[in-house]
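I opened my notebook to look at one model from the backbone up. Here is what I looked up, in the order I did it.

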Amino acid sequence: MSDTQHDVEPPEHAIGQAEVAAIDATVEGDAIPEAAAVEGAGVAVDTRPPWWRRLIASPVLMTFLFLVATLVIFSVLAPGKFNTVSNFHQLALNVAILTVVSVGTTFVIATAGIDLSIPSGIVLGEVFAVKALSFIHVGSSTAAEVSADQTKLWYMLVALVGSLAAGLILGLVNGFTVGYLRIPPMLATLGSLGAGLGIALLMQNGVNVATYALNPVATGQLIPGLDNLILIALLAVVVGYVGMHMAVFGRHTLAIGSSEEAARRVGLNVERHLLKVYTVGGLASGLGGFLSVAFFSTTSLAGHSTDNLSAITAVALGGTSLFGGVAMIIGTLIGVWIPAVLQNGFIIVGVQPYWQMVAVGVVLILAIYADQLRRRARNMR
Amino acid sequence: MAAQDAAAPDGAGSARPGEVPALAARTVVKQFGQVRALRGVSFAALPGEVTALIGDNGAGKSTLVKCLSGVYRPDSGTVEVDGKPVTLSSPTDAERRGIETVYQDLALAPDLDAASNVFLGREIRRFKILHDQAAMRRQTAKSFADLGVGMVQDLRVPVASFSGGQRQSVAIARAAMWAQHVILLDEPTAALGVIQTAKVLDLIRRVRDRGLAVVFISHNMPQVLEVSDRIEVLRLGARVARFKKGEADVDQLIAAISGAFTNEVAA
């Protein structure tokens, strides 16, 4: 984490004095000093800002410490109940689907965009999955006819293709309206949120369908001891990390979020890239729908209406800037856990779980305020 | 005419005969509706020289630069690169021909570090889809060192935390790294303080000393006299005067800008 490119410590105080003295300071080859570039200019000043400033400068660290603190507090308050393997296992299962979706939406938010259509992506993913199954005569439109131990791999693949197709269509629509028609993302995806949910309800006549054909996707264990659902969530984080922080795709995503004009001037095709980014978001939602059917054995047409807000909360808690240009996939992973741990912990220690909503709201506002402080401190010069 | 113009000495002996302009405009006309922004303007920038482009607001400087950098296409007249007429269909096309432009603002992505900005859109890749950040950082550091860009800061820091002068230096160094022929600078020091301006002017000289043609728009006459090898004055969409280093003083430049002086036969 410490060497992600955005994990920075702005040496604000030093620059002003050093700049004058260091007109000809050179930086050589490989030996780019981490924090001590100023020394190379022969100016001996303490460049390290106070510890609290460094903490604010690293949002991932701050969020991580908050998560650790909550884990410690609940472990102390409910020893033997909160800090058990089975409880953490349950927590991991609970957050897995949201993790997949949030990784996708991190890319959207990195462009200074937003995707409110996540619930329709998930629900359409569910509906397309069961439709794809009934298309190959697996299950019926009302009840499950395939139990988990009768299912076949290719049933699951067909359902997966269905879900991804749903996500692809939604993502392309979002990307087209945002990227090419220049409709503000919040409104473009608000529109596709409603339209997508409506289409899902129309396709199902408003009735949920159950199927057990996909259960092994969620509860099977390709790696013994690790539920597939958790494995898939981890894979999503890895793919998201590589895509955001190591791939040219992520670099261009961040550049567009940072300054669309600058990206355009270096010749990036901003419209096409936005199309791709929203497609990534749509595919992640569609995959979330697939996993949701697999895990709950049923579509849940009304069960995801606030998943968009949960995902955006997780991304923002994780230090990805809603103003674009800065994104942290690891932060998103941590951000997904905080609301889940608070909820779970409050229930276990006997606090009204509604407090979780209050706590998450407060933490979210603090996180975004910290983001603004960072930007202000950085842009002051 | 532009090619000969550039080579033809207006002060005997001092010009380099036969030198072909790296970038030239020949009787370029550009009209926006009823407004004739450029009425047959000619212009030439020689390699290894800083050519200043000056003129009052509305004289057509920015329009000319946009014609030279591929943003606009002239209604008539030609743009020449190395003496050959070309059609610049886009800024990217101009970049392919070795012409880089530095704008006064909005040139960098503030959240990305210097190396990422320098290589934005032209990343060094590994396995086709990944970027090789270490290599890009190395090359950036080397090229900044060669250009004498005093990066007092870590190359990992977002450029948003740089001063205006440092940001402009990064933008110019980026252009210098990629430019094969020409760098166009549209008021690069307009927003800078005194020391930062001096540093940017130093950098412009070093870029010139590498053999690139530098075209430099500025409103600051002492600055123009300080850094330019050649000064071309626009007025009302046409060139009205040309000077070489040492031929003009501030009063003469202002006279040319305001129309009181000309040494150019109208095109």
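**Ground rules**

I am working with a predicted model, where local features need pLDDT of at least 70, side-chain atom pairs count only at pLDDT 80 or more, and totals for chains, interfaces and linings use all residues. Residues are numbered from 1 along each chain as its sequence is written, while chains are lettered from A and ligands numbered from 1 in the order in which they are written.

**Chain A**

I looked up the secondary structure first: chain A has 16 helices and zero strands. Helices (H or I, at least four residues) and strands (E, at least two) are DSSP runs, numbered from the N terminus.

Next I checked burial. Of the 381 residues in chain A, 50% are buried. A residue is buried if 20 or more other C-beta atoms lie within 10 Å of its own, exposed if 12 or fewer, and partly exposed in between, with C-beta atoms placed from the backbone.

Then I picked a helix pair. The axes of helix 6 (residues 118-135) and helix 13 (residues 270-296) of chain A come within 7 Å and cross at roughly 55°. Axes here are lines fitted to C-alpha atoms, for helices over the stretch in contact, and angles run from 0 to 180 degrees between N-to-C directions. Helix 6 and helix 13 of chain A are therefore oblique to each other; angles under 35 degrees count as roughly parallel, over 145 as roughly antiparallel, 65 to 115 as roughly perpendicular and the rest as oblique.

Two residues are in contact if their C-beta atoms, placed from the backbone, lie within 7 Å.

**Chain B: the sheet**

I found an open sheet of six strands in chain B, in the order 6-9-10-3-11-12, with mixed pairing. Two strands pair if DSSP finds at least two bridges between them. The edges are strand 6 (99-102) and strand 12 (238-244) of chain B, each pairing on one side only.

I followed strand 11 (residues 230-235) of chain B: four bridges join it to strand 3 (residues 50-54) of chain B, and these two run parallel. B:I54 stands opposite B:V233. On strand 12 of chain B, strand 11 has an antiparallel partner, joined by six bridges, and here B:E232 stands opposite B:R242. Strands 11 and 12 of chain B form a hairpin with two residues between them, and B:L236 in the turn has a positive phi of about 50°.

Is strand 11 of chain B covered on one face or on both faces? Both are covered: B:R230, B:E232 and B:L234 are buried on one side, and B:I231, B:V233 and B:R235 on the other. In a regular strand the side chains alternate between the two faces of the sheet. I also saw helix 9 (residues 250-258) of chain B packing on the sheet, where it touches strand 3, strand 11 and strand 12 of chain B.

**Chain B: two loop residues**

B:F127 has a phi near 50°, positive though the residue is not glycine. I found B:F127 in the loop between strand 7 (125-126) and strand 8 (130-131) of chain B, and it is exposed, with 8 other C-beta atoms within 10 Å.

B:E187 has a positive phi as well, near 45°. B:E187 is partly exposed, with 19 other C-beta atoms within 10 Å.
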